[in-house]
Amino acid sequence: MSIPTFPRPNRVTHLRLNSQRFQHLWHIAALFWLIVASAGLMTTGRIAASESPNVVVIFADDLGYGDVSCYGATKIKTPNMDRLAAEGIRLTDAHSAASLCSPSRYGLLTGRSPWRLHKKGNGYRLSSDQMNIAAFLKDSGYTSAAIGKWHLGYSKDWNRLPITGPLEVGFDYHFGVPSNHNDSTRAFIENHDLVGRKPGQPYRIVKGQDFPDGLESPRVDDQVDTTLTRKAIDFIRRNAQRPFFLYFTPCAPHTHVTPAAKYRGTSKAGLFGDHVQELDAHVGEILDTLDDLGIAQNTLVIFTSDNGSTPKDFKGTQNVHLNLADDSGDVRRKFKTAKADAKKMGHVTNGPWRDGKGYSYEGGHRIPFIARWPGMITPGTTSDETINLTDVFATIADVVDRDLPADAAEDSISALPLLLGKRPEIPGREAVFILGNGKDSAVAVCTGTWKLIYRYGSDEDRGHELYDLSKDPSESHDVTRQYAEIVERLADAYRSAEAAGHTRP
């Protein structure tokens with residue numbers, strides 16, 4: 001498929017170390033690990049790295065570009081995310097596969113752009129006949145876990161066991177939240193069943209009732225991510241001596257904004273900032289676990305978000321009765337205005353980008369993306385290359401040195417050469433295509449410089465919009481009339497991508 005070429009800014013900026021000193025230290029370190037590996041030695045309490053690298057994807061929920069301090073946040077401190085960036089590469093032009101949760105997760109795991117399904121809203125599902133990262137890695141001897149928010153479908157009747165879901169599409173272990181931590185299920189699912197089911201009683205969600213029937217232990221709202229992080233750490237410890245893939249999807253900072261008590265009041269952006277700082281602490285726990293086990297050197301960690309943040313507070317579930325471990329900090333009242341409070345305090349959740357979750361504008365899908373792989377990714381690197389989270393699949397396939405199946409990951413191109421500093425760009429593509437809204441009536445076509453919002457279906461009468469992001473990052477000035485030729489070229493690129501059925505060469 002032919003994609004038009006557009007001018008782009010410089011893509012990669014390295015924060016360089018003294019070259020000779022760095023190479024000398026690297027050779028010493030490499031020699032040390034070679035000796036350890038060849039001798040089969042283990043330091044007390046630490047586990048030797050396996051030949052195949054582990055992969056950890058940390059996929060935050062509704063975390064905006066401006067919510068992370070290494071992306072410009074000043075009212076929120078994220079030292080662990082910043083540590084990842086200092087020890088790896090930080091991308092400034094990364095995009096989620098969609099501006100909504102479920103299709104974005106579908107795109108990351110399958111490598112297929114969700115706009116191809118022409119499906120509205122959040123009801124995306126994975127099926128056993130579609131290749132995804134976990135199923136792909138199984139053939140390479142990997143053990144995989146999906147821990148956290150799933151939002152990709154289970155079997156419908158939860159009183160008929162087993163409840164099918166992640167284990168049926170290639171994961172070996174699952175502990176998670178069905179949609180998000182404010183959903184009406186009020187439950188965790190572990191593998192094939194609810195956690196805390198009352199024996200002999202049917203599980204049933206009752207309208208107007210705080211908690212479902214048949215559930216002994218409803219989720220505790222301010223302990224959800226603490227529980228998920230503990231499960232993730234347990235999985236890492238159990239599998240540290242063999243290659244593993246951890247798909248860790250915490251719920252923060254998605255509504256409900258209910259940080260654990262120890263984090264309340266720790267930020268300068270109110271309860272919302274506290275929730276982001278709790279997320280950062282849990283990222284730190286994962287990193288510390290890798291260090292403690294001696295496997296950080298052999299683990300690729302990718303940290304990103306499923307879409308941009310919601311600039312306004314979500315009203316839909318504010319009347320539910322919160323199930324909290326601790327009522328301190330006036331959390332029952334403040335969770336309803338957490339976003340508005342953060343804004344009043346000077347926090348801008350999506351940074352310089354327009355709008356947020358559910359929109360075609362940059363704030364809906366421009367997200368943080370940080371990758372660390374010690375000894376492979378140069379520390380302190382940044383790149384402004386345009387990538388899509390559909391690229392994660394091909395990148396991981398490249399990490400394990402396997403070709404992708406011809407009929408899978410249609411829109412995934414490996415970013416590994418970019419991450420490793422071997423190439424300044426991703427070859428074979430000049431534009432990415434993002435499902436821009438939940439109505440399935442807009443696609444964002446992004447080239448790095450030019451941004452087209454291509455509208456069709458229910459939004460077709462609104463027409464397209466074109467922005468020059470190099471001059472207008474806030475998407476304030478639509479230049480479709482000035483650059484009609486570029487509008488048509490980008491629109492044709494999208495139509496060609498749809499007709500071809502793939503964007504991967």
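This is a predicted model: local features need pLDDT of at least 70, side-chain atom pairs count only at pLDDT 80 or more; totals for chains, interfaces and linings use all residues.

Colleague: Which helix gives the most to the lining of the second largest pocket?

Modeller: The second largest pocket holds about 420 Å³ of space. It is lined by 17 residues, and the closest to its centre are Thr310, Pro311, Lys312, Lys343 and Thr349. The helix that gives the most to this lining, with 3 residues, is H8 (residues 338-344).

Colleague: How many residues of the lining of the second largest pocket are charged?

Modeller: Sorted by class, the lining has 6 nonpolar and 6 polar residues. The charged residues in it number 5.

Colleague: Are the rings of Tyr106 and Tyr124 stacked, tilted or edge-to-face?

Modeller: The whole structure has 20 aromatic pairs. In the pair of Tyr106 and Tyr124, the ring centres are 5.6 Å apart and the planes meet at 55 degrees. Stacked needs planes under 30 degrees apart and edge-to-face over 60. The angle of 55 degrees therefore makes this pair tilted.

Colleague: How many residues apart are Tyr106 and Tyr124?

Modeller: Tyr106 is in helix H3 (residues 101-110), whereas Tyr124 is in the loop between H3 and helix H4 (133-138). Both residues are buried. The pair links distant parts of the chain, and its separation is 18 residues.

Colleague: What kind of pair do the rings of Tyr361 and Tyr467 form?

Modeller: Their centres lie 6.4 Å apart, and their planes are at 65 degrees. An angle over 60 counts as edge-to-face. Tyr361 and Tyr467 are therefore edge-to-face.

Colleague: How far apart in sequence are the parts that Tyr361 and Tyr467 tie together?

Modeller: Tyr361 lies in the loop between H8 and helix H9 (362-365), and Tyr467 lies in strand E16 (residues 465-468). Tyr361 and Tyr467 are both buried. The parts they tie together are apart in sequence by 106 residues.

Colleague: Which residue lies over the face of Tyr361?

Modeller: A charge counts as over a ring if it is within 6 Å of the ring centre and within 35 degrees of the ring normal. One such case is Tyr71, which has Arg90 over its face at 5.0 Å from the ring centre. For Tyr361 the distance is 3.7 Å, and the residue is Arg354.

Colleague: Why is H6 described as largely enclosed by the rest of the structure?

Modeller: Helix H6 (residues 270-292) has 23 residues and reaches 33 Å from first C-alpha to last, close to the 33 Å expected. A residue is buried under 20% relative accessible area. H6 is largely enclosed because, of its 23 residues, the number buried is 19.

Colleague: Which residues does the cis peptide bond with omega near -5 degrees join?

Modeller: Most peptide bonds are trans. The loop between strand E8 (244-249) and H6 holds Pro253, and His256 lies in the loop between E8 and H6 too. The cis bond from Thr255 to His256 has omega at about 5 degrees. The cis bond with omega near -5 degrees runs from Ala252 to Pro253.

Colleague: Is Asp401 buried or exposed?

Modeller: Asp401 has a positive phi of about 60 degrees although it is not a glycine, and it lies in the loop between helix H10 (391-399) and helix H11 (416-419). The cut-off for exposed is over 50% relative accessible area. At 69%, Asp401 is therefore exposed.

Terms used
Residues are numbered from 1 along each chain as its sequence is written. Side-chain values use heavy atoms; hydrogens and water are left out. On a 1 Å grid over the protein atoms alone, a cavity is a set of points where a 1.4 Å probe fits but cannot get out, and a pocket is an open set with protein on both sides within 12 Å along at least five of seven lines; lining residues have an atom within 4 Å of a point. Grid points are joined across faces, edges and corners, and a volume is the space filled by probe spheres set on the points. Helices (H or I, at least four residues) and strands (E, at least two) are DSSP runs, numbered from the N terminus. Ala, Val, Leu, Ile, Met, Phe, Trp, Tyr, Cys and Pro count as nonpolar, Asp, Glu, Lys and Arg as charged, and the others, Gly among them, as polar. Rings of Phe, Tyr and Trp (its six-membered ring) pair if their centres lie within 6.5 Å; planes under 30 degrees apart count as stacked, over 60 as edge-to-face and the rest as tilted. Buried means under 20% relative accessible area, exposed over 50%, partly exposed in between (1.4 Å probe, protein chains only). The expected span of a helix is 1.5 Å times one less than its number of residues.
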